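Here are some notes to read alongside the structure. They are set out as numbered points.

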Amino acid sequence: MSRDANRKGTTTALRRSVKFQFSDAYHSLLSQSWQAFLAIMLLGYLGVNLLFALGYFLCGPEALTGLSFDPIKRYLDVFFFSVQTLSTIGYGHLAPMSLAANLLVTLESVTGLMGFALVTGIIFSRFARPTARVVFSNVAVINKHDGVESLIFRIGNERLNQIVEARVNVALVVNETTKEGESYRTIYDLDLERSQSPLFTFSWTVVHPITEKSPMYKMTQEKLVEKDAEILVTLAGVDDTFSQTIHSRYSYVPEQILWDHVFVDILKRTDDSFFIDMDNIHTTRPL
């Protein structure tokens with residue numbers, strides 16, 4: 001089944017005919033995983049040095065002092081010379097002699113200064129950007145809650161901080177057809193028993209009462225599959241450590257909705273305190 005958002009909450013939609021801008025590259029580098037970001041930086045660093053090494057190589061063996069006339073050794077020499085120039089190390093084994101080589105050194109020095117400044121700023125932004133470690137239950141359940149059939153799922157805060165003024169929005173996304181036969185994707189907001197929490201520290205059980213006013217009223221799993229339905233969940237709040245807004249997203253498809261199941265209690269009490277068992281946040285049992 002297709003999804004509007006994957007299990008991590010990011011969109012699965014592909015965009016076409018979109019013009020690339022430099023700000024898009026900056027945003028993309030900020031949103032990449034650390035593994036992808038480091039791989040891009042490494043490939044970019046090697047690519048720049050390979051390009052400048054080719055420039056030095058084309059300048060000829062007399063362009064730098066101490067160059068070998070053997071093509072392979074000469075290219076290796078100018079490659080490592082490029083690394084030393086770009087990073088401003090400058091061991092002094094090779095030195096530019098011709099005008100072309102000196103111009104390349106000048107260009108590479110400016111490229112290195114600007115490049116390292118940009119990378120430093122991006123790395124700082126990645127570390128300084130507040131992120132949420134919010135876990136959503138793998139499944140949602142439908143059962144009677146206070147006598148009313150309800151859609152229920154759980155959210156947990158895995159970070160040892162507090163999310164102030166947390167807000168949850170839940171929407172039902174379905175395929176529908178107009179009277180004219182036009183197909184389109186419709187979004188219905190789902191009313192919640194409690195959509196705000198002044199202090200989200202441990203866990204939160206989100207409940208949507210399926211009353212006659214609910215878009216899910218008299219919906220079955222077969223009907224949800226037929227309409228290619230998806231439950232989109234967004235969480236927003238203020239990180240009390242950074243005093244900045246953080247966001248988290250998740251989605252449920254019909255296969256992740258269990259009828260006549262309940263969540264296992266994760267609140268454990270002792271004589272003088274209580275704690276939350278986050279290992280069981282996904283655990284359910286049939287009624």
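1. In which helix is the place of Ser125? Ser125 sits in helix H4. The model is a predicted one.

2. Leaving out residues up to four places away in sequence, Ser125 touches Tyr26 and Leu30. Between the C-alpha atoms of Ser125 and Tyr188 there is a separation of 36 Å, and these two residues are 63 residues apart along the chain.

3. Two packed helices are described by the angle between their axes and the distance between the axes. For helix H3 (residues 71-86) and helix H4 (residues 99-128), the axes come within 8 Å and cross at roughly 55°. H3 is therefore oblique to H4. On the H3 side the contact is made by Phe81, Ser82, Thr85 and Leu86, and on the H4 side by Val105, Glu108, Ser109, Thr111, Gly112 and Phe116. Sorted by class, the contact of H3 with H4 has five polar, four nonpolar and one charged residues.

4. The largest nonpolar core has 30 residues. Those with the most contacts inside this core are Leu151, Ile155, Val168, Val170, Met216, Ile231 and Leu235. Among the elements that give two or more residues to the core are strand S3 (148-157), strand S4 (163-177) and strand S8 (230-239). S4 gives the most, with six residues.

Terms used:
Residues are numbered from 1 along each chain as its sequence is written. This is a predicted model: local features need pLDDT of at least 70, side-chain atom pairs count only at pLDDT 80 or more; totals for chains, interfaces and linings use all residues. Side-chain values use heavy atoms; hydrogens and water are left out. Axes are lines fitted to C-alpha atoms, for helices over the stretch in contact, and angles run from 0 to 180 degrees between N-to-C directions. Helices (H or I, at least four residues) and strands (E, at least two) are DSSP runs, numbered from the N terminus. Angles under 35 degrees count as roughly parallel, over 145 as roughly antiparallel, 65 to 115 as roughly perpendicular and the rest as oblique. Contact means heavy atoms within 4.5 Å. Ala, Val, Leu, Ile, Met, Phe, Trp, Tyr, Cys and Pro count as nonpolar, Asp, Glu, Lys and Arg as charged, and the others, Gly among them, as polar. A nonpolar core is a set of buried Ala, Val, Leu, Ile, Met, Phe, Trp, Tyr and Cys residues joined through side-chain atoms within 4.5 Å. Buried means under 20% relative accessible area, exposed over 50%, partly exposed in between (1.4 Å probe, protein chains only).
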